[in-house]
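Have the sequence open alongside.

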Amino acid sequence: MALPEIVSRDEWRAAREELLVREKAATRARDALNAERRRLPMVEIEEEYVFEGGDGKATLLDLFEGRGQLVVYHFMFAPEWDAGCRSCSAFLDQIGHLAHLKARGTTFAAVSRAPYTKILPFKARMGWTVPWYSSNGDFNHDFEATLEVEGKPADRPGISCFLRDRDRVFHTYSTFARGLDGLGSTTSLLDLTALGRQEEWEEPEGRASALGAPAGSVRIRYHDEYED
């Protein structure tokens, strides 16, 4: 195995401090990129999408569960499959406690093309409590989670973000494949949304309290202390 070089503690510290300079530069670059993402324009959704979940039929607006933002994970689960994608399952395994997203007015849900009758037993097998819905083909195709490859539908993993203004729904962002690298934590998912982490230091200004609540870090609680 090609293991790291063995050095003294002082040599390690010098190398670590040199790397830290580049790590901080990468963090500042990531913050700038996130700000540019929040400055993206958005598209109003006028299509009446219909999903099926634990409570029966649902619209895209219903998926928000009354909150201001929605993060949809496009989970690969084709109608003819008996179980969901292994990679998508690994991704869903790493999603943190949803109470921290909800406290920032953001709902997380998974959406697949498979019928809900197949989703439900697989969800139970995996022990997940994440909201998960079956979609019709139009939703997956319209948001490019399903592509036509040699005349057949082919799914790919991805995330799409939506913003709600009363009864109006807007699409703000989508990413796929390697764009999912490093995602799964509350902050990483919020960084994909139009309102971000809702911290006062974030750009553009004026969005930290857009959902009518104090800035993000002020609201951090133990997950059983939140009032939804």
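In this predicted model, Tyr 226 counts as buried because its relative accessibility is 19%, and the cut-off for buried is under 20%. You'll find Tyr 226 in the segment after H7.

- The side chain of Tyr 226 has a polar contact with the side chain of His 100, at 2.9 Å.
- That Tyr 226 side chain also reaches the backbone nitrogen of Arg 221, at 3.0 Å.
- His 100 turns up again with Arg 104, whose side chain gets to the backbone oxygen of His 100 at 3.2 Å.
- Arg 104 itself belongs to the loop between helix H4 (99–102) and strand S5 (106–112).
- What does Arg 104 lack, even though it is buried? It has no salt bridge: Glu 199, the nearest side chain of opposite charge, is 4.7 Å away, and a salt bridge has to be within 4 Å.

**The whole chain**

- The protein chain has 228 residues, 43% of them buried.
- Seven helices and ten strands make up its secondary structure list.
- Along the principal axes, the C-alpha trace spans about 60 × 50 × 35 Å.
- Of the contacts with a separation of 6 or more, 61% are between residues 24 or more positions apart.

**Nonpolar cores**

- The largest nonpolar core holds 29 residues, and Tyr 73, Phe 75, Phe 108, Trp 132 and Ile 159 have the most contacts inside it.
- Two or more residues of this core come from each of strand S4 (69–74), helix H3 (86–93), S5, helix H5 (116–126), strand S9 (158–165) and helix H7 (186–190).
- Leaving aside residues up to four places away in sequence, Phe 75 touches a list of residues including Cys 85, Cys 88, Leu 92, Val 111, Phe 122, Trp 128 and Trp 132.
- There is also a second, separate core, this one of 16 residues, with Leu 63, Ala 109, Phe 162 and Val 169 among them.

- Which residues of H3 are buried? They are Cys 88, Ser 89, Phe 91 and Leu 92.
- Looking down the axis of H3, you'd see these buried residues fall within an arc of 160 degrees, so they line one face of the helix.
- The covering over them includes S4, S5, H5 and S9.

**Salt bridges**

- The count of salt bridges comes to twelve.
- One of them joins Asp 155 and Arg 113, with the closest N and O atoms 2.9 Å apart.
- This pair links distant parts of the chain, 42 residues apart: Asp 155 is in strand S8 (residues 152–155), while Arg 113 is in the loop between S5 and H5.
- Both partners are buried: Asp 155 has a relative accessible area of 15%, and Arg 113 comes in at 14% relative accessibility.
- Glu 23 and Arg 16 form another salt bridge (2.9 Å, N to O); Glu 23 is partly exposed at 34%, and Arg 16 is partly exposed at 29%.
- Arg 39 and Glu 36 meet in a salt bridge too (3.1 Å, N to O), with Arg 39 partly exposed at 43% and Glu 36 partly exposed at 47%.

Terms used
Residues are numbered from 1 along each chain as its sequence is written. This is a predicted model: local features need pLDDT of at least 70, side-chain atom pairs count only at pLDDT 80 or more; totals for chains, interfaces and linings use all residues. Side-chain values use heavy atoms; hydrogens and water are left out. Helices (H or I, at least four residues) and strands (E, at least two) are DSSP runs, numbered from the N terminus. Buried means under 20% relative accessible area, exposed over 50%, partly exposed in between (1.4 Å probe, protein chains only). Lys and Arg count as positive and Asp and Glu as negative; His and the chain ends are not counted. A polar contact is a pair of N or O atoms within 3.5 Å; within protein, one must be able to donate a hydrogen and the other to accept it, and residues adjacent in sequence count only if both atoms are side-chain atoms. A nonpolar core is a set of buried Ala, Val, Leu, Ile, Met, Phe, Trp, Tyr and Cys residues joined through side-chain atoms within 4.5 Å. Contact means heavy atoms within 4.5 Å. The arc is that of the directions from the helix axis to the C-beta atoms.
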